[in-house]
Amino acid sequence: KDGSCNGLYACFGSKIGLVLGGSCVGVNSCRFVGLINTAVGTISASCKGDISCYKLGYYGTVGDLEDSCNGVYACKSMAGGLFISGSVGNLVNSCNAFLACEKMAFVGKVGNLEDSCNKQGACDSMSDNGRVGNLVNSCNGVDACAVMAFRGTVSDLEDSCNEVDACKFMADGDGNPLYGGYVGGLVNSCNGVEACESMARIGSVRGGDRKPLQR
């Protein structure tokens, strides 16, 4: 009645806790959300755009969405999994752009997102098979954190990685097919074009655990 689940197959085959605020608008916008695992929270003013949240949390878990995942393919297959479950925490004003968070944590883990990943492809395939902590006002650039922690681990980010390709490949572990690298917490860091590309691909960098890492 509030305009939610509006569009061809918008909420077809979905299992969602609550949908409100004009959410799930567009063709296949929330189709098959939480279908297998039934572990998706409240969707509020989110998932606006064709295929925006298609198969979100299909096998995995996703928390509450508020003003997030608005854009074509914005959160398609987020924590979608493939017989193995990924997980993403709560989203607030995040992943609002074309392909912004597609396949985020497909079989990996990402914490809570706040005011983050709001550019085209910003967090596309982030932690596809790795781990990323909480994001606050971070990864707001085109492809800023795409493929980050593909197999590696990145701790919390705050006011960081806000430019084109700013932190791409950080701790992705491309040189090690099993483990990847580790990067500690970042605060106000890596805010330039390609600023920290390829950092700690199979090594480690410790930042905000002790003091802000600035680069």
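Reader: Which residues touch the most other members of the largest nonpolar core?

Author: In this predicted model, local features need pLDDT of at least 70 and side-chain atom pairs pLDDT 80 or more, while totals for chains, interfaces and linings use all residues. Residues are numbered from 1 along each chain as its sequence is written, and side-chain values use heavy atoms, leaving out hydrogens and water. A nonpolar core is a set of buried Ala, Val, Leu, Ile, Met, Phe, Trp, Tyr and Cys residues joined through side-chain atoms within 4.5 Å, where buried means under 20% relative accessible area with a 1.4 Å probe, protein chains only. Of the 48 residues in the largest such core, those touching the most other members are M78, M104 and M170.

Reader: Which residues is M170 in contact with, leaving aside its neighbours within four places in sequence?

Author: Contact means heavy atoms within 4.5 Å. With those neighbours set aside, the partners of M170 are M148, A149, V154, V183, L186, C190, C196 and M199.

Reader: Which residue forms a salt bridge with K76?

Author: A salt bridge puts a side-chain nitrogen of Lys or Arg within 4 Å of a carboxyl oxygen of Asp or Glu. The structure holds one, and with its closest N and O atoms 3.8 Å apart, the partner of K76 is E102.

Reader: Is K76 buried or exposed?

Author: Exposed would require over 50% relative accessible area, with partly exposed in between. K76 has a relative accessible area of 18%, so K76 is buried.

Reader: What share of the residues of the protein chain count as buried?

Author: The protein chain has 215 residues. The share that counts as buried is 51%.
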